[in-house]
Amino acid sequence: MSTTAAETGPTGRQLPDRLKSPLQRFLGSWELLLLVVAAGVFVLNSFASPYFLDPWNLSDATFNFTEKAMIAFAMALLIISGEIDLSVASIIALTSTAMGFAVQLGADTPMLILVGLGVGLACGAFNGLLVTGFGLPSIVVTIGTMSLFRGISYIVLGDKAYTGYPSDFAFFGQGYVWWVISFEFVLFAFLALLFAVILHQTNFGRAVYVIGNNPVGALFSGIRVARVKFALFLLTGLMSGVAAICLTSRLGATRPSIAFGWELEVVTMVVLGGVSILGGSGSIPGVVIAAFVMGMVTFGFGLLNVPGIVMSIFIGLLLIGVIALPRIVRQVLAKRKV
Amino acid sequence: MKLWKSLLAATAIAAVSVASPAQADDKRIALVVKALGIGFFEAAAKGAEEAAKELGDVEIIYTGPTDTTAEGQIEVINALIAQKVDAIAISANDQDALVPALKKAMDRGITVISWDSGVAPEGRQLHLNPSSNPLIGNMIIKLAADHLPDGGDVAVLSASATATNQNTWIEEMNKVKGNYPGINVVATVYGDDLADKSYREAQGLMQTYPDLKAIIAPTSVGIVAAAQAVSDAEKAGHINVTGLGLPSEMAGHIESGASKSFAIWNPIDLGYSATMLAYNLATDKAEAAPGADIPMGRMGTLTLNDSNEGAMADPFVYDSSNIDDFKDIF
């Protein structure tokens with residue numbers, strides 16, 4: 001996807017006679033590499049555990065990544081535009097706390113959804129305002145709001161928990177649409193499609209890429225950079241709200257430690273999906289496949305009762321490996337040509 | 001390509017050999033803890049292995065998340081449901097959030113019990129408490145009385161005046177103090193579970209009651225502070241500090257003689273009992289119902305109350321004879 005100077009090799013830039021066909025582009029793409037990894041993980045898992053290939057088990061496994069992936073879609077756009085939001089997990093905590101509070105006041109399910117989406121949006125707006133309004137670096141702002149949002153939850157809840165969510169609220173995190181297909185999975189698939197269209201088929205999506213590659217150039221081409229970035233922060237806050245609704249519904253309870261540490265898993269998912277952490281390139285299909293890879297690795301290791309810390313190490317190695325491999329291959333190929 | 005294929009095959013074979021269960025007909029009991037890498041739970045796992053050895057046909061799966069979060073435990077529970085384990089014995093990070101996942105486990109025929117840190121009644125078949133309030137109340141005064149054959153003045157250094165646990169234990173202690181003739185409880189003071197305040201309160205007790213023979217501190221903060229105050233006043237050996245504490249924090253004071261003994265639950269016994277209970281329920285040798293007595297091997301039987309909870313045993317007593325075995329554990 002990316003066309004940086006490193007890719008042209010030491011021989012200098014040569015203009016191709018014709019552009020690569022879509023098939024050729026796909027064969028050399030990050031997404032294909034990820035697909036191979038995903039297939040490998042799937043095959044290894046089926047060999048490693050007799051319990052892996054069971055529709056219900058696979059369905060349970062999707063819960064390991066659906067909520068994180070919903071945020072990862074919005075985060076992908078944000079990172080492509082050159083910004084980042086590290087407060088997403090804390091937005092979940094604050095949103096979930098607000099919903100729990102609303103339940104104490106007698107809110108019903110539609111009201112809870114409104115509260116969830118509203119608080120998520122408000123948090124996103126707060127981040128967006130600080131970054132675009134005051135020109136502060138997003139990494140600093142969102143490290144601050146990461147403590148701020150979760151801190152409010154801790155002040156409100158302390159060591160207590162909100163429970164007593166209405167029984168029909170449980171559908172969002174525990175309900176099934178058809179057979180083993182959960183509501184969360186359907187929502188995940190729908191959002192994947194929606195974000196793919198937004199990023200790859202709309203002017204807004206093109207603007208996101210342009211801003212990530214050259215914000216000054218984008219400004220001079222008439223793109224309202226601040227407005228687009230603000231919208232992306234809103235979107236990330238909104239998706240954190242959606243994830244908070246699903247997670248709260250799945251747990252049926254809110255504690256201030258909810259979703260602790262998710263921001264790093266979401267960013268890992270995005271980067272593993274081929275989005276450049278420096279901005280400017282990446283795709284939604286990549287993030288979708290990365291979500292599956294991470295979910296299957298966690299579940300596969302879980303089936304083998306591998307301790308969680310080993311899983312983290314493996315995800316870390318996978319991330320470094322998948323990112324390093326194409327560069328190493330490119331360097332080796334470049335040397336051969338000389 | 002050839003290299004790739006052989007690599008893949010090798011990995012697959014390695015993975016399969018790792019995964020192969022010990023015996024197909026073994027009962028697989030999962031001991032799920034709040035987080036891996038905590039000494040207390042590693043000790044509980046030791047107890048579970050001991051129970052498994054005694055039972056013979058049991059495989060223990062010791063597992064848990066990396067952080068003490070409910071979401072992490074749910075991922076673990078989902079993986080255990082998928083493996084169709086026979087029983088899950090869990091120390092919960094959240095008594096409510098785990099209920100849906102554990103309900104699902106029970107729906108699929110898995111025995112679920114909680115131990116140490118409980119789950120709401122609808123999410124488990126029984127809960128194993130390490131001890132009970134009457135047992136703790138009795139134990140803390142017994143610890144003081146054991147080293148005072150001729151009786152004497154003792155004082156209580158509690159946490160805060162509003163601490164529910166400590167108040168209940170002291171109340172229970174007062175109920176049974178008639179059984180320990182000669183033991184005279186002269187005062188109850190509050191250190192608010194703050195090290196410096198507890199230290200000053202302990203100093204105050206020593207000044208106000210020159211004949212004081214023992215300080216009972218049913219709090220892990222208070223007992224350490226009181227032992228320190230006694231050491232600093234060079235009264236180790238004259239005043240015995242006892243109560244509830246952690247072996248790792250109390251080892252030095254046992255050595256110096258400021259504390260002759262203290263009590264807390266034994267994690268090894270807890271893991272052992274949880275495994276025995278899970279086994280007996282999973283093999284239909286016992287049924288969890290209010291009033292039921294469920295055997296748990298060398299730890300006797302567990303009697304369930306109306307909400308299917310039971311207390312394992314008296315708090316375990318730590319003194320110079322066993323402190324070295326436990327001080328590195330928790």
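Tutor: Happy to! Two residues are in contact if their C-beta atoms, placed from the backbone, lie within 7 Å. Helices (H or I, at least four residues) and strands (E, at least two) are DSSP runs, numbered from the N terminus. This is a predicted model, in which local features need pLDDT of at least 70, side-chain atom pairs count only at pLDDT 80 or more, and totals for chains, interfaces and linings use all residues. Residues are numbered from 1 along each chain as its sequence is written, while chains are lettered from A and ligands numbered from 1 in the order in which they are written.

Now to the helix pair. From helix 6 of chain A, Val88(A), Ile91(A), Ile92(A), Thr95(A), Ser96(A) and Met99(A) meet a set of residues in helix 13 of chain A that includes Thr236(A), Gly237(A), Ser240(A) and Leu247(A). By class, this contact of helix 6 with helix 13 of chain A has seven nonpolar, seven polar and no charged residues. Here Ala, Val, Leu, Ile, Met, Phe, Trp, Tyr, Cys and Pro count as nonpolar, Asp, Glu, Lys and Arg as charged, and the others, Gly among them, as polar.

Helix 6 (residues 88-104) and helix 13 (residues 225-251) of chain A pack at an angle of about 55°, with their axes 8 Å apart. Axes are lines fitted to C-alpha atoms, for helices over the stretch in contact, and angles run from 0 to 180 degrees between N-to-C directions. Helix 6 and helix 13 of chain A are therefore oblique to each other; angles under 35 degrees count as roughly parallel, over 145 as roughly antiparallel, 65 to 115 as roughly perpendicular and the rest as oblique. The crossing of helix 6 of chain A past helix 13 of chain A is right-handed, a crossing being left-handed if the near helix is turned anticlockwise from the far one by less than a right angle, and right-handed if clockwise.

Helix 13 of chain A also leads us to the other chain. In all, 32 residues of chain A are in contact with 29 residues of chain B. On the chain A side, the elements giving two or more residues are helix 3 (30-48), helix 4 (55-62), helix 13, helix 15 (284-303) and helix 16 (308-337). Helix 15 of chain A gives the most to this side, with four residues. The residues of chain A that touch chain B divide into 15 nonpolar, 13 polar and four charged.
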